[in-house]
Amino acid sequence: VRGQWRGAHILELGCGTAMPGILLAKLGCWVSLTDRPEPAVLQSIHRNVALNGVEGRTRVLGLRWGDQGGAMEVLLGEHRPERAKGPSGDLDSMPLQGFDAPLGAIIGADCFYDKRDFDDLLCTVSLLLGSATACVPGCAFLCAYHRRG
């Protein structure tokens with residue numbers, strides 16, 4: 001991870017305590033931490049980010065899985081700046097960096113715990129991976145799944 005993703009923009013879905021994303025931020029990634037858009041949930045994530053000193057490398061966003069427009073708006077809407085035109089009239093050749101860069105990977109750690117959420121989660125992942133502006137070529141969804149009773 002240290003070399004492959006250093007400086008990459010990573011999205012963590014259903015981050016909960018945000019430990020995987022916090023670790024990635026400590027290793028040099030820019031991490032968008034997402035979970036249900038509920039104040040108590042997002043406040044808990046902010047608290048963990050602050051306790052681990054990665055405020056500058058993370059952002060916390062509310063994201064409801066299955067909301068097709070919402071996923072793209074959360075990640076690309078107001079957060080993605082307009083590309084500047086250079087002297088020749090072409091889009092600025094400087095690559096987008098940090099949170100403005102397309103996603104290098106989407107991760108999920110133990111977010112498959114309620115079968116009712118599977119379709120919405122996979123819909124969100126599919127939408128993001130299928131977007132030419134949301135992800136870099138080769139972007140993948142990496143997840144850990146713990147099978148429960």
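Colleague: What makes A18 count as buried?

Modeller: A18 has a relative accessibility of 0%, and buried means under 20% relative accessible area, exposed over 50% and partly exposed in between (1.4 Å probe, protein chains only), so A18 counts as buried. This is a predicted model, in which local features need pLDDT of at least 70, side-chain atom pairs count only at pLDDT 80 or more, and totals for chains, interfaces and linings use all residues. Residues are numbered from 1 along each chain as its sequence is written, and side-chain values use heavy atoms, with hydrogens and water left out.

Colleague: Why is the pair of W30 and F99 called edge-to-face?

Modeller: Rings of Phe, Tyr and Trp (its six-membered ring) pair if their centres lie within 6.5 Å, and planes under 30 degrees apart count as stacked, over 60 as edge-to-face and the rest as tilted. The centres of W30 and F99 are 5.3 Å apart, with 75 degrees between the planes, so the pair is edge-to-face.

Colleague: Is W30 buried or partly exposed, and how do you know?

Modeller: The relative accessible area of W30 is 23%, so W30 is partly exposed. F99, at 18% relative accessibility, counts as buried.

Colleague: How do you know that the charged end of R57 sits over the ring of W30?

Modeller: The criterion is that NZ of Lys or CZ of Arg is within 6 Å of the ring centre and within 35 degrees of the ring normal. The charged end of R57 is 4.1 Å from the centre of the W30 ring and sits over that ring.
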